[in-house]
Amino acid sequence: RMQSSDPRIFALGEVACHKGICYGLIAPGWDQASVLAKNFEDATWGLSKGKKSGETPAEAPLYEGSDLSTKLKLLGVDVASFGSSLDFWFKRQ
């Protein structure tokens, strides 16, 4: 939901840490913004708006994490980063 430990504060992008990971990339920020916007919409208009009686209301979306791979463009040359697991990047030495 992009809600911080303080229920009145929401965060996304480089200031948000999800399961110990601060992504620092634009694509995860977009994923987080989509989840936050949907949760704000649901809070404003209600999760069950437009639902027929008897239907179970939809649950608010949760951010589940993002892919760490990225595609970079360097002076007109496409560069990609992929193949390492989270353990590679976050393993304590």
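Q: Is Val77 buried, partly exposed or exposed?
A: Val77 is partly exposed, at a relative accessible area of 48%. On the scale used here, buried is under 20% relative accessible area, exposed is over 50% and partly exposed is in between, with a 1.4 Å probe and protein chains only.

Q: And which strand is Val77 in?
A: Strand 2, residues 77–81. Strands are DSSP runs of E with at least two residues, helices are runs of H or I with at least four, and both are numbered from the N terminus.

Q: What surface patch does Val77 belong to?
A: A nonpolar one, formed by Leu74, Leu75, Val77 and Val79, with about 420 Å² of accessible area together. Patch residues need over 30% relative accessible area and no salt bridge; nonpolar side chains (Val, Leu, Ile, Met, Phe, Trp, Tyr) are joined within 5 Å, like charges within 9 Å. The areas come from the Shrake-Rupley method with a 1.4 Å probe, and for residues only the protein chains shown count as cover.

Q: Before we go on, what kind of model is this, and how are things counted?
A: It's a predicted model: local features need pLDDT of at least 70 and side-chain atom pairs count only at pLDDT 80 or more, while totals for chains, interfaces and linings use all residues. Residues are numbered from 1 along each chain as its sequence is written, and side-chain values use heavy atoms, with hydrogens and water left out.

Q: Fine. What's the order of elements from the N terminus?
A: α-β-β-α, so there are two helices and two strands, with helices and strands taken as DSSP runs.

Q: How much of the protein counts as buried?
A: 18% of the 93 residues. The accessible surface comes to about 7,600 Å², and carbon and sulfur atoms hold 57% of that.

Q: Which residues make up the largest nonpolar core?
A: Eight of them: Met2, Ala11, Ala16, Ile21, Tyr23, Val35, Leu36 and Tyr63. A core here is a set of buried Ala, Val, Leu, Ile, Met, Phe, Trp, Tyr and Cys residues joined through side-chain atoms within 4.5 Å. As a general point, nonpolar side chains tend to be buried together in soluble globular proteins.

Q: Take Val35. Where is it found?
A: In helix 1, residues 26–45. Val35 is buried, with a relative accessible area of 11%.

Q: What is Val35 in contact with, leaving aside neighbours within four places in sequence?
A: Arg1, Met2, Pro61, Leu62 and Tyr63. Contact means heavy atoms within 4.5 Å. Also, the C-alpha atoms of Val35 and Ala60 are 8.7 Å apart, for a gap of 25 residues along the chain.

Q: And what does Leu36 touch, not counting residues up to four places away?
A: Arg1, Met2, Phe10 and Leu12.

Q: Switching topic: how many aromatic pairs does a search of the whole structure find?
A: One. The ring centres of Phe10 and Phe40 are 5.1 Å apart and the planes sit at 80°, so the pair is edge-to-face. Rings of Phe, Tyr and Trp (its six-membered ring) pair if their centres lie within 6.5 Å; planes under 30 degrees apart are stacked, over 60 edge-to-face and the rest tilted.

Q: Which parts does that pair tie together?
A: Phe10 is in the segment before helix 1 and Phe40 is in helix 1, so the pair links parts 30 residues apart in sequence. Phe10 is partly exposed at 33% relative accessible area, and Phe40 is partly exposed at 41%.

Q: How many salt bridges does the structure hold?
A: Two, where a salt bridge is a side-chain nitrogen of Lys or Arg within 4 Å of a carboxyl oxygen of Asp or Glu. Asp6 and Arg8 form one of them (3.1 Å, N to O). Asp6 is partly exposed at 23% relative accessibility, whereas Arg8 is exposed at 71%.

Q: How far along helix 1 are Glu41 and Lys38 from each other?
A: They're three residues apart, so about one helical turn separates them. The side chains of Glu41 and Lys38 meet in a salt bridge at 3.6 Å, N to O. Glu41 is partly exposed at 41%, and Lys38 is partly exposed at 36%.
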